[in-house]
Amino acid sequence: MQVDLLIQARWIIPVEPAGVIHENYSLVVDDGKIIDVLDTAAAAQKYQPRALEILDQHVLIPGLINCHTHAAMSLLSGIADDLPLMDWLQNHIWPAEQKWVSESFVRDGTDLAIAEMLRGGTTCFNDMYFFPDIAAQQAVEHGIRANIGLIVFDFPTVWAENADAYLSKALDLHERLRHERLISTSFAPHAPYTVSDEPLRKMLTFADELDSTIHMHVHETRHEVEEQRQKNGQTPLQRLHELGLLTPSFMAVHMTQLSPEDIRFYAETGGHIVHCPESNLKLASGFCPVAACMEAGINVALGTDGAASNNDQDMLAEMRVAALLAKGVSGNASAVSAMQALQMATLNGAKALGLDDKIGSLAVGKAADVVAIDLSDVETQPVFNPLAQLVYAASRHQVSDVWVAGKRLLNKRQLTTLDLHDLRRRAAVWQQRLAGF
Ligand SMILES: [Zn+2]
């Protein structure tokens with residue numbers, strides 16, 4: 001049988017079925033989709049590929065899903081560090097954004113982030129930023145998958161002047177992107193403390209009509225929870241629940257402040273958590289009790305957050321930190337195993353985005369969003385267990401090849417749709433502009 005592509009790999013970790021590691025296996029791709037995962041000897045008998053890729057030192061995994069970022073903020077990486085969240089936001093990030101964020105800032109910043117993400121094995125990102133139309137356009141242009149956040153705030157920003165304007169722009173953009181193969185959208189109200197009840201109610205009506213997911217920062221810091229409690233005796237989570245937001249279509253990002261009761265009741269709503277351990281550590285926001293949340297049945301995905309608070313878009317590193325931090329926070333070395341960390345960075349992200357019928361595992365019928373990591377470097381030898389090497393030892397420089405929907409976007413470390421020289425030049429221009437800020 002003739003097929004587009006056959007990848008012969010030393011190992012394949014498909015994530016579904018859970019817990020499986022295949023050795024000397026092949027992945028067969030046709031028309032952008034995975035059509036078979038089978039023993040390499042059997043694959044050679046059965047298929048005549050138009051392209052054959054032999055990756056005999058590599059492990060193949062599903063493309064990593066960065067379930068929370070602000071991609072364009074890569075241009076602000078390193079502009080203000082070692083500060084607590086509110087000081088960092090109010091005195092540094094928001095003023096810089098007010099002065100500089102524009103269509104060209106978002107275009108150049110998103111491109112920079114896409115290059116970094118692809119080179120690190122990320123094939124899908126869940127974005128929340130100004131000019132989401134530009135972020136979507138850049139993702140399409142460079143062939144990466146993206147879930148674009150249709151942002152909502154109470155107050156004016158460069159994107160819209162008031163809550164109604166954010167909502168009408170959101171509806172327009174949703175309509176324009178509806179038929180893009182690699183793009184989906186979510187409503188993205190920024191946080192409980194930046195969006196009031198009325199726009200949240202209106203947004204929810206639209207989200208219900210369009211069957212759309214909702215992406216929001218929630219319980220990021222103790223300050224956020226205390227401030228709301230002093231206002232009306234409720235936690236932000238209780239307020240969102242009363243408004244009807246918490247459903248299986250809801251993604252709560254951060255969730256560092258959770259009591260055992262919060263965990264129990266949030267699990268009942270079917271909402272998802274997007275854990276961003278590096279951002280939480282860097283801003284000293286607190287720790288999401290991931291092991292307890294998973295035990296309660298909550299789906300926990302993984303994100304890097306924007307580069308201004310991380311400062312990279314490195315999902316391999318995020319997996320490692322998530323696995324280590326969960327052990328430290330729970331006092332249990334078995335909490336968040338290497339396999340669970342990989343699930344968080346792939347299938348759990350797909351579930352949170354409502355895209356698990358399309359992506360998140362190397363299963364027959366799903367899109368060929370595939371990443372190869374070369375484990376032949378001395379740093380990842382010997383390989384008793386490719387999964388343990390991947391999560392606890394490998395670095396993103398070992399990501400050799402990346403495909404999205406069967407299209408090769410990274411070929412032996414070379415990006416096929418972005419020019420590094422051009423990216424460096426554009427980053428330098430922005431560095432010069434922002435330096436005086
Ligand atoms: Zn964020």
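Helix α2 (residues 85-100) gives the largest share of the lining of the largest pocket, seven residues. The model is predicted. The volume of this pocket is about 460 Å³. Its lining counts 28 residues. Nearest the pocket centre lie L89, W94, E97, F130 and F153. Sorted by class, the lining holds 17 nonpolar, eight polar and three charged residues.

How many cavities of 30 Å³ or more does a search of the whole structure find? There are two.

| Space | Volume | Lining by class |
|---|---|---|
| Largest pocket | about 460 Å³ | 17 nonpolar, eight polar, three charged |
| Largest cavity | about 40 Å³ | five nonpolar, four polar, one charged |
| Second largest cavity | about 30 Å³ | five nonpolar, no polar, two charged |

The largest cavity is lined by P62, G63, I65, T123, C124, I359, G360, S361, A367 and D369. One charged residue is counted in that lining.

Which residues line the second largest cavity? They are L75, D108, L112, L423, R426, A427 and W430. Two elements, α3 and α16 (420-435), each give two or more residues to this lining. Helix α16 supplies the largest share, four residues. The lining has no polar residues, but two charged ones.

**The annotated domain**

A UniProt annotation, from an unreviewed entry, reads "domain: Amidohydrolase-related" and covers residues 59-408. Over this range the chain is 43% helix and 18% strand. The end C-alpha atoms of the range are 17 Å apart.

Strands of a sheet pair through backbone hydrogen bonds, either parallel or antiparallel.

V253 has V274 in β11 as its bridge partner.

**An antiparallel hairpin**

Strands β2 (residues 22-30) and β3 (residues 33-39) pair in the antiparallel sense. Six bridges hold this pairing. V28 has D36 in β3 as its bridge partner. What do β2 and β3 form? They make a hairpin, with two residues between the strands. In the turn, D31 has a positive phi of about 55°.

**In brief**

The structure has a largest pocket of about 460 Å³, with helix α2 giving the largest share of the lining. The two cavities found are of 30 Å³ or more.

Definitions and conventions. Residues are numbered from 1 along each chain as its sequence is written. This is a predicted model: local features need pLDDT of at least 70, side-chain atom pairs count only at pLDDT 80 or more; totals for chains, interfaces and linings use all residues. Side-chain values use heavy atoms; hydrogens and water are left out. On a 1 Å grid over the protein atoms alone, a cavity is a set of points where a 1.4 Å probe fits but cannot get out, and a pocket is an open set with protein on both sides within 12 Å along at least five of seven lines; lining residues have an atom within 4 Å of a point. Grid points are joined across faces, edges and corners, and a volume is the space filled by probe spheres set on the points. Ala, Val, Leu, Ile, Met, Phe, Trp, Tyr, Cys and Pro count as nonpolar, Asp, Glu, Lys and Arg as charged, and the others, Gly among them, as polar. UniProt positions are given in the numbering used here, feature names are shortened, and annotations may be inferred rather than shown by experiment. Two strands pair if DSSP finds at least two bridges between them.
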